[in-house]
Structures are given as C-alpha cells and as structure tokens.
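Open the structure in your viewer and follow the stops below in order. Each one says what to select and what is there.

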Amino acid sequence: MGVRVTTGRTLLAAVVGFGVALSVQAAEYPNIGPLPQLKINKAKAELGKRLFFDKRLSGDAAVSCATCHVPEKGYAGKEALSPGYPGNGHFRNASSLINAAHRKVWNWDGRIGTNLNDMTREMLTEDYTMNMDMRIMQERVKQDPVYVKMFKDAGYGEPSNGSVRKAIPEYLKTLTSTNAPFDKGRMSASAKRGMKLFKGKAGCIRCHSGPMMTDQRAHNTGVPENFDVFMDPMNHQAFIAFTMFQGIPNYMNLKRDPGYFNVTLLEEDMGKFLTPSLRELKYSAPYMHNGMIKTLAGVVDFYNQGSGKDSNKSEMLKPLKLSGKEKKDLVAFLEALSGDKLTSDKHVWKQPYPSEYEAIANWTKVRN
Amino acid sequence: MRMKKLTLTLVAAAVAAVFAGCQATPAKQESAAASAEMSAAKMAMKPSGSPPLAPLGKAPIPPDNKLTPAKVELGKLLFFDPRIGGDASTGCSTCHEPEQGWAWAEDFSRGYPGTVHWRNSQSIINSAYYPRQFWAGSASSNEKQAKSAAKGGVAGNGEDDIMEARLALIPEYRKRFKEVFGTEWPIIDDVWHAISAFERTMNTTGKYEVPLDKYLKGDKSALSKQQVRGMALFNGKGGCINCHNGELTTDTDFHNIGVPPNKRWEEDGLAQITFRFEQYAKGQTEQGYRSAKSDWGFYYRSKNKWDKGKFRTAPLRYIAYTAPYMHNGVFYTLEEVIDFYNRGGFDEEGRTTLFPKNKSAMIKPLGLTDQEKEDLLAFLEAFSGPEITMEKPEQPPYAPLFSMAELKAAQEAK
C-alpha cells in the first residue's frame with residue numbers, strides 16, 4: 001500500500017507501547033467525524049454512472065461493475081466471495097464502494113495506492129474480474145450515440161478508454177454516505193454508549209480511525225481462511241491466476257490468502273489486510289476480506305474473543321471482556337454509521353441500454 | 001476463401017524474392033522502389049514455370065515439437081476445450097468447428113462472445129504444411145497461431161495465467177501434461193505445442209486423400225473428363241496455377257486480387273467496432289485508423305503502402321467444406337469465386353479492392369465460357385475428398401487441488 005508508511009509505523013509503535021486494549025486514548029487517533037465534501041462534476045459523474053452499470057464494459061459483455069458491487073448491498077458483494085468473471089469465481093469479498101473515493105489505498109491487500117483511475121483500470125482488465133481488452137471497450141463506447149453525446153457534454157471530447165477511467169471515479173465520488181445517524185447527531189442512547197466503547201474499552205479506534213473509520217493500513221486479525229476459495233475450483237483458479245500474475249512465490253501450494261504480503265513479499269505481512277471502512281455496514285454483510293463473518297454481532301464476538309489465530313496476528317488484539325449489553329451497544333453504534341440506501345435514480349442507472357450496436361450511417365464516407 | 005487468383009502467369013518463386021510479388025503497381029508511384037516493382041510485374045507477365053500441382057506429401061514436423069500419440073491426444077482434448085479462452089466458452093473448436101470444415105461457415109468468424117471477428121475463419125485442415133498462418137501471415141507456426149487466437153480480444157480473449165490455472169485444477173490434464181512434457185504443472189506454452197501436434201495430424205492424406213492427389217499419383221480414374229478439362233483451364237486460360245501451385249496449392253505469398261470490402265462493415269455496428277479495434281490491434285497510425293475502410297492485410301505487417309489489400313494465397317484442398325471464401329468471406333459459393341476472377345477481380349456489382357493500384361496485374365478478365373466455368377468448378381471439386389469428422393471428446397472435469405484435511409492443517413499451522 002505504501003502510503004504514509006513512516007507515520008504508520010510510528011503509530012503502530014505507539015499503540016504497541018500502550019500495550020493493552022483496555023486503555024486506549026481516543027485523542028491519539030484521527031477523529032472519526034463526518035466525511036469531507038467532494039466536488040463533483042455532474043456531467044462526468046452521470047457518464048460514469050452509465051458506464052458503471054453497463055455490461056458492455058466486460059470482455060464478453062456479461063458483467064458490469066454493478067454485478068459484483070450491488071447497490072442494494074451498499075455497492076458490496078451479495079455473497080461471501082465475489083462472483084468474478086464468467087468462467088471463474090473469485091477469492092475475496094467485494095468491498096463496498098460507498099466512500100471509496102475518500103480512500104487513499106484500494107483492494108483488500110492494498111496493492112493500489114495511487115488513485116481510482118488505476119483501480120478502475122485494474123477491475124476492467126483483470127481476467128478474473130471483467131477481462132476487458134480496453135481497446136475493444138473504447139470502440140464499443142464510441143459505437144453508442146448516447147455515449148458519444150455524454151462524453152462530449154462532459155468535456156471529454158471523443159470517447160476514449162482514458163476518459164472512461166476518469167468518468168467512473170467521478171461517479172464513485174457520488175457514492176458518499178448520506179444521512180448516517182452518526183453524521184446527523186441522531187444516534188440512540190445505545191449507539192452513543194457503543195461509540196464510547198469503540199473509542200475506549202473495545203479499542204476499535206486504533207485501526208478504525210478518521211472519517212472513514214479506517215487507518216487504511218494492513219493488519220493481521222487472524223480471520224480464518226474461507227475454504228470455499230480452495231474447495232471450489234472456480235474460485236481457486238482465480239486465486240491461482242492472481243497469485244501467479246502478482247509474483248507470489250510457491251503459489252500453487254498456497255493454502256491461505258497472502259494479503260498484504262503481495263505488496264511487500266515480507267513474511268511478517270502474510271495474512272494482513274487493509275482495515276475496512278465501517279460505514280454502510282448495515283448493507284454490506286457478510287464481513288471481512290473473505291466474507292467469513294455473517295453478522296455485525298458475529299464481528300463483535302470475533303474481536304471480543306481476541307479475534308482469530310495467526311502467528312502474525314496484531315499485538316493489539318486481545319480478549320475485550322465485553323458484556324452482552326456492551327456488545328449490543330457496539331453493534332448499535334456500528335449500525336448508526338450507515339446512511340440512506342443509495343439505490344434511487346440518483347445513483348443507479350436505470351434506463352435500458354441498447355440491445356445491439358447501431359451501425360454508423362454512411363460508414364464508407366465518414367472518418368472512423 | 002480457399003479459392004484464389006486465376007491469374008495470368010508468374011515466376012512465383014523468383015518474383016516473391018522481389019518485393020513486388022505478383023502485383024503490378026502503376027507507374028504513378030514515383031519512387032525507385034515502385035519502378036522496380038513495375039519491371040518485376042512486367043517480367044511476371046511472361047509465361048513461366050509455376051511449380052505444377054503435386055500430390056500432398058507427409059506433413060512437416062518441426063524438430064522442437066515431435067509428434068507422439070500421447071501429445072496428439074492431449075492436443076485434441078485441448079483443441080476442443082473451451083476453457084482455453086477467456087470466459088470458458090470459446091476454445092479453438094468454437095471457430096474451427098469440425099462440421100463447418102474445421103472453420104466457421106459465415107463471412108466473419110464468430111468471435112468471442114460480445115464481439116464478432118473481422119476475417120474469415122480458416123480451416124485447420126492441412127495447416128501443418130504452411131510456413132505462415134493467418135490471412136496476413138502474422139504467425140510463423142501453428143504454435144504461434146494457436147497462442148494468438150486463444151488470446152486475441154475478438155477470438156479466445158484468454159490470458160495465460162487464468163488458462164494455466166484452470167489446467168492445474170483438472171487432474172486429467174495434470175496427469176497428461178506430466179506424461180507428455182514432464183512438468184509438474186501444465187505450462188501454457190505446452191498447450192500451444194500439444195494443440196499444434198494435434199493439428200498436424202489433421203490432413204487430407206491417407207483415407208482423406210483428395211481425388212486430385214490420387215490422379216496426380218497416377219490414378220487416372222480419379223478425375224472425370226470434365227475435371228481433366230477443368231484442370232487444363234486451371235493451368236492455362238484460367239491462370240489459377242500462377243498462385244495456386246505446387247504441392248500446397250498455394251505459393252504462400254501475398255497478393256491483392258481485388259476482393260471488395262465486406263458490406264457488413266457498412267451495416268453491422270458490432271462489425272464496425274471490431275473493424276476499428278483491429279486497426280489498433282494491428283498497429284495502425286492515427287491517420288490509418290481514421291481513414292481505413294477495408295482490411296489492409298499484409299500492410300499491417302510490412303507497413304509498405306503497396307502491400308495494402310494483400311492476403312495470403314489460400315490453399316485449395318478441402319474447399320468443398322470451407323465456404324464462404326476469401327479473407328472476408330464475401331463469396332459463399334465457388335461459382336461466385338470463379339465469376340469474380342472471370343470478371344477480372346470484380347464482384348457482380350462491379351466492386352473491387354479499395355487499393356486498385358495494388359491489384360495484381362495477373363488479375364484480368366478471363367473470358368471463360370459457361371462451359372469452361374463449369375469445367376473449372378468441377379475440377380475445384382477434385383480438391384476435396386471425404387469430410388473429416390470427429391467425435392468431440394468430453395471435457396475432463398475440475399477437482400479441488402487440496403483436501404479439507406490439508407486446508408485445516410494449514411489453518412492450524414498459521
């Protein structure tokens with residue numbers, strides 16, 4: 001992930017220095033307050049919205065971005081493991097895209113730390129996600145008069161794959177938490193108690209800090225492997241293709257998701273995953289990088305027991321000794337971090353796409 | 001597509017060495033190179049000794065990919081396996097369908113789902129013999145052809161890593177690759193070797209021998225009287241022998257014979273998409289991308305303007321099964337092909353190549369009578385023997401690589 005490594009290391013050292021989960025001082029961590037406003041270009045975002053829901057942006061025109069990032073699910077996956085491209089499965093849970101534009105690092109293993117333009121390219125072109133030859137994509141887009149007009153109106157001129165990679169991130173900016181009780185100051189008493197635990201006894205804030213409730217760093221929390229990754233050859237083939245392409249040693253014998261190890265190739269980073277944002281969790285179950293925990297109560301239980309088993313596991317994770325009531329309060333707080341569903345026309349392209357490509361008239365006479 | 005120019009005469013081999021090939025470039029081209037071509041083309045007009053048609057011998061086998069029964073059998077499995085492709089729907093046999101002449105019976109090959117191709121699918125039958133594959137000769141071996149087709153965006157659209165990963169999860173393949181290539185895991189490069197080994201056994205030899213070859217080997221009963229008359233036209237007035245010559249029935253060179261652009265590009269949005277994509281994929285210039293309205297063929301490889309619209313001389317064996325014809329499949333019958341050449345490289349609407357300056361000087365109206373056309377057609381039938389059919393093998397199934405016990409043990413060891 002490579003973002004703010006030095007600060008992070010210092011931070012981690014500080015945390016380890018405190019040693020115990022019980023006495024976290026919230027002031028040490030970036031405030032979990034509301035998200036900053038993003039400036040959005042409407043025409044570009046509208047174009048990005050049409051692209052996001054358009055299946056013609058995948059190799060065989062069978063899947064769109066929204067196939068794996070489902071609006072009803074907070075733009076996360078429906079299942080523990082993302083479906084992937086036809087002909088294969090996937091090996092991780094599809095993360096929520098709500099607030100993705102606020103991040104600095106993307107993917108569960110943090111392998112993209114540049115911008116959403118690169119992230120968009122990765123998802124469009126990887127063979128286990130959308131398997132799109134972007135030269136074909138560009139020509140498909142140019143063949144649709146609605147796009148030709150939208151690209152022009154957005155100031156991009158002629159459709160190009162470069163501007164597709166700009167328009168989709170512009171649309172992603174519109175997927176920002178809206179009216180979350182936490183942001184509106186309308187939390188229940190239970191949620192308020194939960195927030196106190198979050199910042200104090202439960203120690204969540206040590207990683208889930210800042211407006212996104214994530215430090216955007218990688219940690220090993222000992223989440224058990226999802227055996228479906230390996231027992232289902234469709235998923236396993238995507239995993240093998242991924243690890244082979246990424247240059248992970250001994251990929252044919254790997255029986256675990258290497259996580260952030262992919263970025264550093266350091267043993268100590270094996271099994272680390274990026275801290276996820278805690279916003280919009282109400283919609284985005286199941287949880288964790290591999291969807292192994294089905295409910296928020298399950299997640300709280302997981303951390304309460306000191307999380308899972310792994311020799312690389314973060315020192316910060318110890319049993320929390322939360323009472324039943326405290327656990328409920330914590331869940332109430334987590335739920336208060338979810339806002340309105342972003343499923344109306346404002347965020348979802350609901351108009352039909354043409355069932356076939358119109359021929360360009362007078363083809364022999366016009367320039368391509 | 002397999003049928004090619006019934007041109008005048010040409011010293012095929014000699015002229016191939018001169019870059020003009022057997023095309024005439026008008027003197028308008030001012031460069032010295034162009035004048036050189038011109039004189040070469042003039043020389044080519046003289047009656048000459050094209051290699052005569054000869055029976056098909058044994059397929060050449062490259063020393064770095066010897067045939068073994070196990071390799072051929074593995075190659076057959078892979079040829080028919082759609083998992084050698086992007087979304088596991090489109091394998092070699094998808095566009096090289098045994099029941100469609102081991103090709104595809106439409107003008108353009110069907111292409112990857114969501115696309116259409118832009119050229120006619122060529123039969124794999126006898127592909128072992130040709131020094132270069134594809135219409136513009138862009139692959140120098142079956143191995144390279146298989147790789148390009150499996151990976152091309154409008155063909156297989158597969159990527160090495162996912163295809164290799166799939167094979168690793170199919171126990172039958174692991175076993176066979178180990179036996180044949182000695183590797184612990186299937187290697188993608190070996191896939192192209194195995195498929196090529198299989199293809200090299202798919203020839204019009206043995207029981208599939210074509211009547212022409214029987215005749216050329218001395219069985220005079222193999223051709224009818226009409227076919228013998230057609231052969232004389234082929235070698236003489238029709239001028240076919242100028243390019244369709246020798247053992248392979250092709251000079252394996254590139255010629256512009258005047259095939260008009262496929263009208264589908266004017267009417268079909270999907271075809272227009274692929275057309276522009278191909279300009280990119282073949283390394284066109286911006287100007288070329290904007291202005292191209294037909295397939296520039298061999299130009300994409302040579303980048304010489306005089307190569308625009310040239311394509312590899314198609315071999316003629318097995319053509320009874322491989323309609324439609326030409327690089328873009330514009331002719332659906334051999335009658336149309338003969339008429340096209342008889343008109344001097346024009347279709348029935350008078351259309352021809354968009355690069356008339358590059359059109360071979362050998363392509364002239366032939367003045368064939370109806371009887372002669374029928375005779376020629378009858379002779380062309382002698383290039384095909386029995387249809388080569390094959391039962392498609394069953395796809396070996398996937399199986400998990402690890403047992404649950406192994407996974408649990410790994411979990412415990414974390």
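This is a predicted model. Begin at the place where the two domains of chain A meet: 34 residues of domain 1 touch 27 residues of domain 2. On the domain 1 side, select helix H10 (228–231), helix H11 (233–246), helix H12 (261–264) and strand E2 (273–274) of chain A, each of which gives at least two residues to this contact. H11(A) supplies the largest share, seven residues. By type, the domain 1 side consists of 18 nonpolar, eleven polar and five charged residues.

Next, colour the domains themselves. Domain 1 of chain A covers 5–36 + 179–335, and domain 2 covers 42–174. Their centres, taken over C-alpha atoms, are 25 Å apart.

Now show the whole of chain A. It has 14 helices and two strands. Its radius of gyration is 21 Å, close to the 21 Å that the globule rule gives for 368 residues, so chain A is as compact as a globular protein of that length. Along the principal axes, its C-alpha atoms fill a box of roughly 75 × 50 × 35 Å. Of the 368 residues in chain A, 51% are buried.

Last, turn to the contact between the chains, which takes 46 residues from chain B and 44 residues from chain A. On chain B, select helix H6 (160–168), helix H11 (264–267), helix H12 (269–281), helix H13 (286–291) and helix H17 (404–413), the elements that give two or more residues to the side touching chain A. Which of them gives the largest share? It is H12(B), with eight residues. The chain B side divides into 24 nonpolar, ten polar and twelve charged residues.

Methods: Residues numbered from 1 in each chain as written. Chains lettered and ligands numbered in written order. Predicted model: local features only at pLDDT ≥ 70, side-chain atom pairs only at ≥ 80, totals over all residues. Contact = placed C-beta atoms within 7 Å. Helix = DSSP H or I, 4+ residues; strand = E, 2+ residues; numbered from the N terminus. Nonpolar A, V, L, I, M, F, W, Y, C, P; charged D, E, K, R; others polar. Rg over C-alpha atoms; globule rule 2.2 N^0.38 Å. Buried ≥ 20, exposed ≤ 12 C-beta atoms within 10 Å, placed from the backbone. Domains from an automatic or database assignment.
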